[in-house]
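Here's a quick tour of a protein model for you. Have a look at the picture first, then read on for the main points.

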Amino acid sequence: MEQTEKKRLEEVSKKLRANILMMLTEAGSGHPGGSLSCIDILTYLFLKQMRYDPANPHWPERDRFVLSKGHAAPALYAVLSHVGYYSSNLLKTLRKLGSPLQGHPDSRKLPGVESSTGSLGQGISVAGGMALAAKMDKRPSRVYCLVGDGEIQEGLVWEAAMAIAHFKLDNFCLFVDNNGLQIDGLVDDVMNVYPIGEKFLSFGWQVLNIDGHDFDEIEKALEFFESNQGSGKPTAIVAKTVKGKCVSFMENKAQWHGVAPSRDDLMKALDELGCLESMEEWNAEEN
Amino acid sequence: MGEVLVATRDVYGKTLVEIGRENKNLVVLDADLSESTKTAMFAKEFPDRFFNFGIAEANMMCFAAGLALSGKVVFASSFAMFATLRPYEQIRNSIASQNLNVKIAATHSGVSVGEDGLSHQTVEDLAIMRVMPNMQIFVPADGIATAKIVKQAALCPGPVYIRLTRPKTEVIYDESYDFVIGKMHVIKDAPRADVGIIAIGTMVPNALKAARMLEEEGYSVIVADAASLKPLDRETVVRIAKSSRLVVTVEEHSIIGGLGGAVAEVLAEDFPAKLLRIGVMDVFGESGSPSALYKHFGLTPEDIFRKIFKQIR
């Protein structure tokens with residue numbers, strides 16, 4: 001990837017991180033850790049990879065993205081707003097009564113949300129149905145899905161993994177957000193899911209291991225996925241990530257799974273990100 | 001007069017094929033029971049629109065949601081136990097919450113699945129499906145009703161639960177039967193009656209037989225079929241209660257939360273009336289032939305007659 005392009009993506013993901021933190025502070029609850037760990041992947045997908053039209057969110061030929069780890073909703077909302085699905089003003093309404101930005105994504109309320117998720121394990125399976133429909137209709141649509149590494153403890157994930165390979169859904173690309181932490185602590189302490197890649201391999205998937213914060217690696221993995229069309233095999237990209245990435249006091253801390261930053265935390269975090277001016281913009285925007 | 005017996009699941013399979021010929025958007029899913037649920041008939045004619053998920057019902061339901069989100073009309077089938085209680089949360093969070101076009105057609109409901117015993121006998125499905133927002137529930141009383149209901153379900157938007165049974169059941173309707181969502185079918189009417197029986201599914205023929213026995217004893221009886229359990233025809237429930245001394249519900253399901261529960265809710269709110277709920281009395285099933293089980297649970301026409309007679313004589 002060209003350096004200027006990489007720089008641009010890094011700037012966008014920094015801004016989205018700031019938005020995630022401001023949304024969560026405003027809401028007073030929500031999930032910062034896992035939103036920050038997956039935002040680089042979402043940034044690449046929505047800015048560089050996927051085909052969609054915010055003005056025509058139900059365009060049948062579009063690619064789909066399903067956030068199976070629905071608690072990372074702020075990351076999805078931030079990127080959907082950035083690419084033009086709705087005004088960033090709406091981000092201020094996260095988790096408030098009447099808002100389309102529900103605590104977990106709700107497809108009936110917000111365009112760009114392909115399926116309601118939040119109950120873990122279900123998004124990957126629903127996304128499998130979308131990929132199957134695209135194959136049946138001979139549409140070029142690709143289906144991208146993101147699961148958490150803790151999430152794959154759900155048995156349904158493996159039922160879905162079996163079926164997606166069985167039905168030869170090579171239009172399916174799964175990201176595993178491998179930040180290593182879940183609410184109660186380290187994934188391998190709570191319930192060991194490793195080795196992740198080998199498990200998907202044994203179910204008949206193509207597997208890649210990447211750094212989920214490196215846009216070059218994300219790009220290469222997605223190029224591999226594209227080149228894999230026609231193979232009859234779905235692709236799993238196990239992305240090593242850092243929970244709370246880019247905010248020093250949140251990084252690799254399970255306690256930041258589901259706690260919103262205070263105003264002080266937010267200012268510290270924005271300062272670290274070099275995004276203090278985001279707060280002024282956020283405050284200046286009319287409600 | 002000989003009874004014509006038809007298995008509702010057979011009609012279900014045939015009707016899917018009929019709909020599939022016209023509606024290319026129809027997709028049928030099963031979880032390793034396609035020979036028993038009769039979706040195999042569809043699979044044979046439309047292999048490209050049939051998918052077998054193996055023994056993984058939760059995954060089948062979520063795939064159904066994804067297919068429906070992509071514009072398909074999906075019928076997902078299994079035995080009632082594995083189509084409702086097992087994947088309940090997936091149905092709630094992925095199908096019903098998004099009001100998707102997924103029709104869950106469950107065979108082998110109630111106690112008449114028989115010898116397999118309690119792990120396969122579903123007497124709770126109507127109760128738990130009824131409490132789910134957006135979910136409509138249709139329970140055909142015979143083969144004729146099954147064909148009409150399955151066709152209606154394919155046309156109406158949103159999720160539907162259709163409850164079918166394993167054994168062959170008596171045909172009570174003819175082609176003039178009309179299924180209307182939200183309406184009861186009053187089979188036997190009277191301006192004033194001693195008893196108003198509201199029955200559902202397999203118990204409609206038994207209720208009709210019990211009604212005949214009551215009539216032989218000189219009582220007048222109303223019999224209604226609540227095939228549209230949700231939405232329920234509240235108006236007709238109240239009308240029956242107003243015209244009868246005793247309201248009776250009859251179902252091959254727990255008396256808690258199903259038809260009896262639904263009718264009790266309407267009566268308590270709109271027209272308090274004396275109610276007798278006949279069904280499975282808050283117990284699990286056990287192995288036995290369907291006819292032995294009907295006797296065991298007090299669901300035969302004679303049992304229904306006796307229970308009502310005891311209350312009104």
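**The briefing**

Chain A has an accessible surface of about 11000 Å², and 49% of that belongs to carbon and sulfur atoms. Keep in mind as you read that this is a predicted model. We'll start with chain A as a whole, zoom in on a pair of its strands, and then hop over to a sheet in chain B.

**Chain A overall**

- If you count up the secondary structure in chain A, you get 10 helices and seven strands.
- The radius of gyration of chain A is 18 Å, close to the 19 Å that the globule rule gives for 287 residues, so chain A is as compact as a globular protein of that length.
- Along its principal axes, the C-alpha trace of chain A spans about 50 × 45 × 40 Å.
- Of the 287 residues in chain A, 61% are buried, where buried means under 20% relative accessible area.
- Take the contacts in chain A between residues at least 6 apart in sequence: 75% of them join residues at least 24 apart.

**A stretch with a database label**

- An unreviewed UniProt entry lists residues 14-274 of chain A as "domain: Transketolase N-terminal".

**Strands S1 and S2 of chain A**

- Is strand S1 (residues 64-67) of chain A covered on one face or on both? Both faces are covered: A:Arg64 and A:Val66 on one side are buried, and so are A:Phe65 and A:Leu67 on the other.
- S1(A) is joined by four bridges to strand S2 (residues 143-148) of chain A, and the two run parallel.
- One of the residues involved is A:Arg64, whose bridge partner in S2(A) is A:Val143.

**A sheet in chain B**

- As background, the strands of a sheet pair through backbone hydrogen bonds, and they can be parallel or antiparallel.
- In chain B, seven strands form an open sheet with mixed pairing, in the order S3-S2-S4-S5-S7-S6-S12.
- At the edges of this chain B sheet sit strand S3 (50-52) and strand S12 (228-230), each pairing on one side only.
- On average, neighbouring strands of this sheet are turned by 20 degrees against each other, ignoring direction.
- Strand S6 (residues 136-138) and strand S7 (residues 160-163) of chain B run parallel, with three bridges joining them.
- For B:Phe138, the bridge partner in S7(B) is B:Ile162.

Definitions and conventions. Residues are numbered from 1 along each chain as its sequence is written. Chains are lettered from A and ligands numbered from 1 in the order in which they are written. This is a predicted model: local features need pLDDT of at least 70, side-chain atom pairs count only at pLDDT 80 or more; totals for chains, interfaces and linings use all residues. Side-chain values use heavy atoms; hydrogens and water are left out. UniProt positions are given in the numbering used here, feature names are shortened, and annotations may be inferred rather than shown by experiment. Buried means under 20% relative accessible area, exposed over 50%, partly exposed in between (1.4 Å probe, protein chains only). Two strands pair if DSSP finds at least two bridges between them. The radius of gyration is taken over C-alpha atoms; the globule rule is 2.2 Å times the number of residues to the power 0.38. Contact means heavy atoms within 4.5 Å. Accessible areas come from the Shrake-Rupley method with a 1.4 Å probe; for residues, only the protein chains shown count as cover. Axes are lines fitted to C-alpha atoms, for helices over the stretch in contact, and angles run from 0 to 180 degrees between N-to-C directions.
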